[in-house]
Amino acid sequence: MRVITGSARGTKLATLEGDNTRPTTDRVKEAVFSMLQFDIEGRAVLDLFAGSGQLAIEALSRGAARATIIDQSREAVDIIIENAKKTHLFDKCRISAADYMSFIRGAAGREKYDIIFLDPPYRSGLLQSSLRAIADAGICAPGAYIVCETENDIPVKAKRLRKDEEFNNQCVMDDVFGGNQELADKFTVLKSNLYSHTRITLLTPATKDAE
């Protein structure tokens, strides 16, 4: 796993051993930053279920101004610190071992983020609860992007079905919002693409929640 481009391009990043984390593949990471395109320079980033911190570090390498990197695992935080130092981006990072909900509640009224990465364990319900907490806490800057990584069950070989359902409203509703219309109404879906068994969805807060 390496930084793809930017100031730290090519730097190999450390990862946690074992099954407790699921690093984002290079293909999916490329897709994430292709979605964001040129909206990274000078931005404030939050990586809430950070694992190795690779998404936040990639954003910093591409010109983000600062990154807050959160994971509840102390072992993960040690890896994040190692990676931030190895890429010479440590001075742009705030790295904490914290529960995601405690962090969001503490940031309410104090912090605003332009880009938020959400890649919690699949089918854990943590994506939906974190989206709800983010909307309630008002920590999104106007026009903020929220990048969600989820699992999908559409067979990789079913190309026509995948094309039809890639941006199907009900599929996105189920994968991202757990079928909760009230939660979905808090956000606008900008893009949603499938990569093997992974769905990447780009959200922005609905206007009433971004103000």
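# A tour of the predicted model

Of the 211 residues of the protein, 51% count as buried, where buried means under 20% relative accessible area, exposed over 50% and partly exposed in between, with a 1.4 Å probe and protein chains only. This is a predicted model, in which local features need pLDDT of at least 70 and side-chain atom pairs count only at pLDDT 80 or more, while totals for chains, interfaces and linings use all residues. Residues are numbered from 1 along each chain as its sequence is written, and side-chain values use heavy atoms, with hydrogens and water left out.

**Whole protein.** Show the cartoon: the protein has nine helices and seven strands. Helices (H or I, at least four residues) and strands (E, at least two) are DSSP runs, numbered from the N terminus.

**The sheet.** Select the strands. Seven of them form an open sheet with mixed pairing, in the order β3-β2-β1-β4-β5-β7-β6; two strands pair if DSSP finds at least two bridges between them. At the edges are β3 (93-97) and β6 (187-195), each pairing on one side only. Neighbouring strands of this sheet are turned by 15° against each other on average, direction ignored. Axes here are lines fitted to C-alpha atoms, for helices over the stretch in contact, and angles run from 0 to 180 degrees between N-to-C directions.

Now select β6 and β7 (residues 198-205). The two run antiparallel and are joined by eight bridges. Tyr-195 stands opposite Thr-198 in β7.

**Helix α2.** Next, select residues 54-61, which make up helix α2. How many of its eight residues are buried? The count is eight of eight, and the helix is mostly covered. Among them are Leu-55, Ile-57, Glu-58 and Leu-60. After α2 comes Gly-63, whose phi is positive, near 115°.

**Ser-130.** Finish in helix α5 (residues 126-137), where Ser-130 has its place. Why does Ser-130 count as buried? Ser-130 counts as buried because its relative accessibility is 0%. Not counting residues up to four places away in sequence, Ser-130 touches Leu-48, Phe-49, Tyr-100, Ile-104 and Leu-118.

Notes
Contact means heavy atoms within 4.5 Å.
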